[in-house]
Amino acid sequence: MSRRFTVTSLPPAGPAGTHDREFHRHSAADLRQLSGEDAKGDGNPKESSPFINSTDTEKGKEYDGKNMALFEEEMDTSPMVSSLLSGLANYTNLPQGSREHEEAENNEGGKKKPVQAPRMGTFMGVYLPCLQNIFGVILFLRLTWVVGIAGIMESFCMVFICCSCTMLTAISMSAIATNGVVPAGGSYYMISRSLGPEFGGAVGLCFYLGTTFAGAMYILGTIEILLAYLFPAMAIFKAEDASGEAAAMLNNMRVYGTCVLTCMATVVFVGVKYVNKFALVFLGCVILSILAIYAGVIKSAFDPPNFPICLLGNRTLSRHGFDVCAKLAWEGNETVTTRLWGLFCSSRFLNATCDEYFTRNNVTEIQGIPGAASGLIKENLWSSYLTKGVIVERRGMPSVGLADGTPVDMDHPYVFSDMTSYFTLLVGIYFPSVTGIMAGSNRSGDLRDAQKSIPTGTILAIATTSAVYISSVVLFGACIEGVVLRDKFGEAVNGNLVVGTLAWPSPWVIVIGSFFSTCGAGLQSLTGAPRLLQAISRDGIVPFLQVFGHGKANGEPTWALLLTACICEIGILIASLDEVAPILSMFFLMCYMFVNLACAVQTLLRTPNWRPRFRYYHWTLSFLGMSLCLALMFICSWYYALVAMLIAGLIYKYIEYRGAEKEWGDGIRGLSLSAARYALLRLEEGPPHTKNWRPQLLVLVRVDQDQNVVHPQLLSLTSQLKAGKGLTIVGSVLEGTFLDNHPQAQRAEESIRRLMEAEKVKGFCQVVISSNLRDGVSHLIQSGGLGGLQHNTVLVGWPRNWRQKEDHQTWRNFIELVRETTAGHLALLVTKNVSMFPGNPERFSEGSIDVWWIVHDGGMLMLLPFLLRHHKVWRKCKMRIFTVAQMDDNSIQMKKDLTTFLYHLRITAEVEVVEMHESDISAYTYEKTLVMEQRSQILKQMHLTKNEREREIQSITDESRGSIRRKNPANTRLRLNVPEETAGDSEEKPEEEVQLIHDQSAPSCPSSSPSPGEEPEGEGDADPEKVHLTWTKDKSAAEKNKGPSPVSSEGIKDFFSMKPNQSNVRRMHTAVRLNEVIVKKSRDAKLVLLNMPGPPRNRNGDENYMEFLEVLTEHLDRVMLVRGGGREVITIYS
């Protein structure tokens, strides 16, 4: 368990009542941003909600009651319970479906008809629509063929697996649908609100493609019934021989399919009310056809229909070219040849040359529909898979075969297999017959009690259709001859629809009924698919689809309909029902898989909002359904499955990177929260290993009065250093109280987030309001992060104007920050001249990153340039490492050791050892230390205004220079420089600026003894010193009009009698020498990294510490001071 404490100081208590006054300052409009699915709006009409965020006009009424006077000030944000319940009673949320469009078309004179309460029950609202969508073209055109090829046993397993898949999906869907109202979009809405916009958009578009291809499949089924069974003479393309019949049929399907698609799209465009009016007629055709099949089965048990099948040996013959199933016939007393003889022989004479197989085998006629009592079920139990071009043969029938390799003449009237069949192919073809289970959930707004009707109606519909399919498999196998079942187009039964031969009273009942049912299903697909695309487009999650959210004035999705027709045309150009069916199977299976996943995720997360009224679900059932859907995808067609998953993956990534940000309370967000919690608890087990260490940054930025970041280059550096990896927290501190400054803090957070997004910094933002900056920064350092996911490095900018602050609190805060990071074992990165650091668009074509490794800091100095060089800005900069050798060090051996160390670290860098021999402390160093201490002492002892303080500093420094001149009048001179201000320096340097600068242009400084009281040796040979006193123009002019200093000369003499501290002299000497060497070696470097000295233990010398750092980094453009966190961050081991 994490134990973290934050040390804070108690601010003085504010006036009473401040909290109450500030709490009610926020209006309902401010709080509205915290609610709803999208505060900015997504283009959808918002739900009329009676909850807190509602904007009902009654909220604006003044509260007159006295019993609740204690809460009267909160009525604008917290409504009364009575108002809440009243709003719930009147709450309606109808889907944007065809019903609204039909109502909009029927509205006359601008008058809107009052919306009646939904009155549809379970039977009319869910059960019958599901039946109509599930029963379809596959039942009438392909189920008999599937049973004949796969046999009763395998067909039963196939139907059972597919129906189990849809039943498990229906259970999961019922749980999701009863967890709230499901508006337009149906399955898309359920998935997107349960798994997030990325999954919802990807699966929603796949479901849209599946529905569109389903429309193509139904249209192809319509054309097949029209040309094969109703009006074969309507074929435009005629085959010259039997081998060209398949190609001619496909071309006819393309032409007529395009025509039918155009007609259906026109009907949908004119008005969906016509589709809705004929929906009941289409459903009646489906039910009547199914009843006719069962009636035919019952009748076949005692009076089988007469559909003779002609066999040559064991080969099935097509009835298209002959009428009598015999080789010879008797006409009077004469034997004559039949039309069948002419098909296999060279002439109609008895001495003609005939086909060898025709000569060796007899012609037999059997009944194609023996009936349920014939015992045929045993012969049809097992599969008879065929390859393309193989003749359909009857098992167990005697025949005289030919030699192996003898070719079969395709022009002979045999029934040939038109495709190679296998189990997985049949699953893909059959599965569309069990889709359509979402019809009830799509109509949830039209139901009287959706929470009860959707589960009951959907599950009953699936149970009914499953019973019909399973019983059909058994009954087809028991009543129809195997060769007839395997005859896909009914060529052996005079071109009749195979399932129609079983129907009673006539095969035309099935043919006409299936024709109208497939037409209706196609119209339903062309009606539903554009509305699904419109719902996705209006959600705004896929930017390039937003144009399809528009339509006619009544809401009809015109552009979506146009796109749907174009995609549907692709399926029609494929022209084969058997090729299109597996495609839409993939998309539907993917949709069902994610419905199960959504239910399983919500159940396992146990989110408080997961309260479905349907109780008969479990996450194991959802997981089983998901696994079954995934298995069926690869069983049907593994390459189609991969393509469908690739399409969904591409859409997912597109929405993730380009789509609109949505917060729908989906399960993936909850899953992310649970995963984050688990990971955070794991991180509590111990600190990360050195190999896993990376800088987790806390970036401290300053905002101006408009809450804009002062130095955005600091975030550019953060982006270059992190490259999107690890933890980044951008923090800022505002002075004041939380109640007074909360709006400013929100604006600051928004400003920082916008800058983070612009600079591609992936992380978090945290703005703290504190009574003073010192405590606020301390709070950020102590409480930033969560659990084991905490920052280990603090990045901050150098306080440039620390000398000019009135209370000098800036540098005190900075030094306390250094001390706190040291106490907290945090690394510290201080950027000096941060305004000169490159932005992300910049690129360095050459240059170097110089590392000055003075003391060992755990490897931070080695790691930082390595990370920087991964970014495009620094990629072409080489890395140079400098280290300092003392008198007793072997510089040659140091270079060898450092080179070896870098080799083991796998870091490429140039190595150079700089020798710094001991030298005497120069007069410049001695004098600079003295002036530093004098200034510090002045600022401590004097309590004057700022202008008076600067006059005293001037008089004291003048006196100091005079004493130096008296000691060495020939070598020292005092010069006053008044440089011109530039636009860039106007912000950095205030008007009142007093600074002593030593002229570095002097060749060398005279050496002096360590004792500050001794005269320096050889001062006559030394070059003259130049001491500059730099003032601004305005200050120089104003100083002439000022009176004399109020400080007495005795006080000044006492003050200048002090001697510099020897420790300070040594530190200043080190800073000066190091700066000289660094400037000499790294003046042209693009970035200089060096160790940051620690602050003194004695707080009395804090101001001197800042001066040391200034001297250390003088004349360098870009500097990063690095202070390690007290642990190793880089290792040579793998």
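User: What makes the way H7 passes H21 a left-handed crossing?

Analyst: H7 passes H21 in a left-handed crossing, a term used when the near helix is turned anticlockwise from the far one by less than a right angle, clockwise being right-handed. This is a predicted model, in which local features need pLDDT of at least 70 and side-chain atom pairs count only at pLDDT 80 or more, while totals for chains, interfaces and linings use all residues. Residues are numbered from 1 along each chain as its sequence is written, and side-chain values use heavy atoms, with hydrogens and water left out.

User: Which residues of H7 and H21 meet, and how do they divide by class?

Analyst: Ile-161, Ser-164, Cys-165, Leu-168, Thr-169 and Ser-172 in H7 meet Leu-621, Ser-622, Leu-624, Gly-625, Leu-628, Cys-629 and Leu-632 in H21, contact meaning heavy atoms within 4.5 Å. By class, these are eight nonpolar, five polar and no charged residues, with Gly counted as polar and Cys as nonpolar.

User: Where does H13 meet H21?

Analyst: Thr-424, Val-427 and Gly-428 in H13 meet Leu-632, Ile-635 and Cys-636 in H21, a contact of four nonpolar, two polar and no charged residues. The axes of H13, residues 423–430, and H21 come within 7 Å and cross at roughly 115 degrees.

User: How do you know that H10 and H18 are oblique to each other?

Analyst: Helix H10 (residues 272–302) and helix H18 (residues 507–539) pack at an angle of about 140 degrees, with their axes 8 Å apart, and H10 and H18 are therefore oblique to each other. Their crossing is left-handed, and the contact has twelve nonpolar, seven polar and one charged residues. Among the residues that meet are Phe-282 and Ala-292 in H10, with Gly-513 and Arg-531 in H18.

User: Why is Met-916 called buried?

Analyst: Its relative accessibility is 11%, and buried means under 20% (exposed is over 50%, partly exposed in between, with a 1.4 Å probe and protein chains only), so Met-916 counts as buried. Met-916 lies in the loop between strand E13 (910–915) and strand E14 (921–922). Leaving aside residues up to four places away in sequence, Met-916 touches Val-884, Ala-885, Gln-886, Arg-1073, Leu-1074 and Val-1077. The C-alpha atoms of Met-916 and Ala-885 are separated by 6.1 Å, although these residues stand 31 residues apart along the chain.

User: What makes helix H28 mostly covered?

Analyst: Eight of the nine residues of H28 (residues 860–868) are buried, including Met-860, Pro-865 and Leu-868. Across the protein, 50% of the 1134 residues count as buried.

User: Which residues have the most contacts inside the largest nonpolar core?

Analyst: They are Met-217, Tyr-430, Phe-431, Met-438, Tyr-469, Phe-476 and Ile-480, in a core of 164 residues. The largest share of this core, 24 residues, comes from helix H8 (residues 187–230). A second, separate core of 53 residues includes Val-730, Val-767, Trp-874 and Cys-877.

How values were computed
Axes are lines fitted to C-alpha atoms, for helices over the stretch in contact, and angles run from 0 to 180 degrees between N-to-C directions. Helices (H or I, at least four residues) and strands (E, at least two) are DSSP runs, numbered from the N terminus. Angles under 35 degrees count as roughly parallel, over 145 as roughly antiparallel, 65 to 115 as roughly perpendicular and the rest as oblique. A nonpolar core is a set of buried Ala, Val, Leu, Ile, Met, Phe, Trp, Tyr and Cys residues joined through side-chain atoms within 4.5 Å.
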